[in-house]
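Please open the structure in a viewer and keep the selection panel at hand.

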2 protein chains.
Amino acid sequence: MRSGKLVIAQGGGPTAVINQSLVGAVLEARLFPRIERVYGAHHGVRGIVNEDFVDLSAESRADLEAIAATPSAALGSTRDKPDLDYCRNIFASLKAHRASWFLYIGGNDTANTVRIVSEESAKEGYDLRCFHLPKTIDNDLLENDHTPGFPSAARFVAQAFMGADLDNRALPGVYVGVVMGRDSGFLTAASAAARTGEGDGPHLIYLPERSFDGAKFLSEVKSVHDRRGRCVIAVSEGIRDTDGTPLSVRFAENVVKDAHGNIQLSGTGALADLLCDEIRSALGIKRVRGDTFGYLQRSFVGCTSDVDRREAREVGAFAVRQAIRGAGDGSVAIQRIGDYAVDYALVDLVKVGGKTRVMTDDFIAPAGSDVTPAFEKYLRPLLGSDLPQPARLRGGAIAKVLKR
Amino acid sequence: MRSGKLVIAQGGGPTAVINQSLVGAVLEARLFPRIERVYGAHHGVRGIVNEDFVDLSAESRADLEAIAATPSAALGSTRDKPDLDYCRNIFASLKAHRASWFLYIGGNDTANTVRIVSEESAKEGYDLRCFHLPKTIDNDLLENDHTPGFPSAARFVAQAFMGADLDNRALPGVYVGVVMGRDSGFLTAASAAARTGEGDGPHLIYLPERSFDGAKFLSEVKSVHDRRGRCVIAVSEGIRDTDGTPLSVRFAENVVKDAHGNIQLSGTGALADLLCDEIRSALGIKRVRGDTFGYLQRSFVGCTSDVDRREAREVGAFAVRQAIRGAGDGSVAIQRIGDYAVDYALVDLVKVGGKTRVMTDDFIAPAGSDVTPAFEKYLRPLLGSDLPQPARLRGGAIAKVLKR
């Protein structure tokens with residue numbers, strides 16, 4: 001029977017529950033003496049190549065539980081997108097440390113890295129089992145009903161829009177909230193969960209799955225504002241022109257690119273400011289405010305979905321059980337059963353790696369500026385229990401006396 | 001003995017607990033039959049002038065409790081800053097509706113309005129008792145140890161920086177978080193509560209109480225980044241040049257002013273973007289990200305301090321008890337007793353109205369880019385119980401094998 005070390009790492013953008021998956025795997029691994037040690041690699045594959053490992057077997061259960069409840073990647077993360085040579089170095093380090101199992105928590109780029117490492121170890125005839133554990137607030141992994149990290153980020157976005165809408169009711173005007181999501185609109189769409197009653201915002205939701213038409217946008221904002229005296233808008237950072245160019249790129253003075261050659265969309269307020277300026281100048285509305293939720297939405301301490309916490313934990317434990325049972329390499333996927341339970345499956349790495357899931361047409365309203373009830377039904381159980389419910393005064397207007 | 005109606009209104013920027021004060025006053029008022037009805041004015045003084053009142057006596061206790069737990073102003077708010085004529089119209093409406101008591105929840109502008117209405121009713125010989133109830137996330141009211149709304153916003157800022165710092169540890173670089181506060185740095189300073197261990201950010205804190213020197217800023221960022229490989233920075237939206245001009249104004253292409261002639265600082269990401277661009281170009285650091293916390297920090301649903309909730313509630317109840325006991329007009333103030341309890345007092349409206357409290361020197365580190373332990377001691381009890389505590393792995397490095 002296979003024995004040896006298990007190496008685990010975290011890649012890509014942190015989430016509020018990525019440490020749940022780490023801790024789920026570590027605690028499960030401790031149940032099996034065949035897993036001699038659990039190594040954690042600092043900063044993902046970069047740490048593997050640099051042999052920057054910590055011994056997770058030495059952590060107390062109490063400390064691991066505290067880490068599970070802490071957002072962001074406790075091991076550190078990386079944006080490195082390894083090529084074949086890089087993957088060979090990963091493999092060489094894993095082999096040198098006599099790893100028998102490699103678990104990598106991350107998004108579709110991470111799944112791709114796991115696939116290449118898996119292929120390299122097969123070529124070399126080294127017996128290494130490789131598993132990808134899903135993680136992304138973007139919810140853009142194929143084969144998954146949803147991905148760990150998304151429900152908690154969605155809950156943050158919903159609670160943020162609840163508050164922004166209440167604020168906008170108190171001091172009416174136009175509010176634009178820009179939400180993360182380069183290609184997939186799921187997280188922006190989650191703003192819809194902020195609506196609990198008639199007239200609640202967001203009144204308009206713009207997703208990267210539909211091309212963004214400035215004139216249509218202004219006309220829709222005007223229409224809502226004329227009717228309600230206010231308008232709350234959720235916009236994905238990834239919205240793009242009819243020719244596919246992201247708006248933030250078209251108007252950014254200095255375009256910053258990351259290591260993947262991707263254009264930086266987050267960590268700048270340019271898109272919100274641009275849209276606000278447009279509304280102000282084209283519609284003559286005075287009170288127009290824009291917020292860019294930025295990094296708050298993915299690592300805020302103290303806003304997670306209990307469903308997300310449980311599932312992320314289970315994803316880690318499931319991967320270890322699969323590993324121990326001798327399953328072949330693969331990517332853990334969450335599958336929905338009814339309304340609402342989940343099951344976990346191991347799917348082929350090529351089905352997930354490097355691929356992007358976007359919102360399907362049944363989740364997007366025909367007008368292209370809202371979601372459908374089907375999406376709201378899909379989203380609701382993910383947000384977890386005890387989602388705050390704003391209340392409002394019932395009314396009971398007093399008759400005027402002066403009637404000026 | 002005086003009897004009649006009590007009119008209550010909410011003014012200025014909403015907070016997460018302003019409805020606690022509203023509900024505290026309404027529930028307390030119900031205990032006294034002499035208070036025949038409780039009217040709420042929609043959108044502050046504007047609602048009073050327009051006779052836009054609702055009967056709060058008709059609300060159930062259960063609904064009022066739900067409203068107390070809801071952020072933002074349930075009655076709606078206003079940015080109107082009434083002049084003498086406007087105040088006379090307020091007075092005329094209150095008189096027409098036979099109000100005996102007027103309670104107005106808000107900041108220093110609101111206190112000023114209460115003072116003018118109080119003076120007008122005295123001049124007219126009409127027996128109206130006027131009370132100002134403190135509320136502001138800026139914590140900038142004189143006579144108060146702190147103001148309702150600040151502790152909850154401070155908690156949000158602390159939790160946001162905890163998350164941003166964890167994120168920045170995972171993917172190192174420079175992070176700039178811009179926090180509300182036009183003249184007072186209290187809320188930005190609250191970011192210090194995010195630090196729970198060695199090396200935690202924010203590593204630098206810039207307040208409007210100290211003039212902002214761009215060269216010093218860049219040198220301090222470089223110093224932290226050189227030492228730690230990363231840097232988390234809290235910046236007040238109100239930071240200003242040595243000549244007193246807010247930075248956001250100096251560099252804003254289109255300066256937007258509100259009804260008070262104040263320049264719009266919130267609802268735009270310009271300042272964060274400006275600082276990030278400076279860091280990128282002057283220091284050559286690649287990963288530089290900026291977030292502007294914007295409206296999230298004052299109305300986020302689901303992040304309040306229990307201390308703040310209790311105190312805001314009590315401020316409303318205290319005002320009604322003072323009114324019933326026949327106290328003269330005044331502003332409710334929170335006073336600290338020891339470490340930590342509070343008492344409430346009624347102070348002269350002129351001591352609060354139109355005046356701004358800023359952070360004193362003992363709260364600001366000599367270097368001007370951090371707070372002092374005295375401020376941290378002042379802040380800690382306000383944040384409430386169960387402030388999340390991030391955890392981290394203990395280490396236990398594994399010896400290298402390949403040593404490349």
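The stops below concern one residue and then one interface. This is a predicted model, in which local features need pLDDT of at least 70 and side-chain atom pairs count only at pLDDT 80 or more, while totals for chains, interfaces and linings use all residues. Residues are numbered from 1 along each chain as its sequence is written, chains are lettered from A and ligands numbered from 1 in the order in which they are written, and side-chain values use heavy atoms, with hydrogens and water left out.

**A buried phenylalanine**

Select A:Phe217, which lies in helix H8 (residues 214-228) of chain A; helices are DSSP runs of H or I with at least four residues, strands runs of E with at least two, numbered from the N terminus. A:Phe217 is buried, at a relative accessible area of 2% (buried means under 20%, with a 1.4 Å probe and protein chains only). Next, display A:Tyr206, A:Phe212, A:Ile233, A:Leu275 and A:Ile279, which A:Phe217 touches when residues up to four places away in sequence are not counted (contact: heavy atoms within 4.5 Å).

**The interface of chains A and B**

Now show both chains: 91 residues of chain A are in contact with 91 residues of chain B. Four salt bridges cross this interface, each a side-chain nitrogen of Lys or Arg within 4 Å of a carboxyl oxygen of Asp or Glu. Select A:Asp63 and B:Arg394, whose side chains form a salt bridge at 3.7 Å, N to O. Among the elements giving two or more residues to the side of chain A that touches chain B are helix H3 (61-68) and helix H10 (270-283). Finish on H6(A), which supplies the largest share of that side, nine residues.

Methods
Buried < 20%, exposed > 50% of the residue type's maximum accessible area, 1.4 Å probe, protein only.
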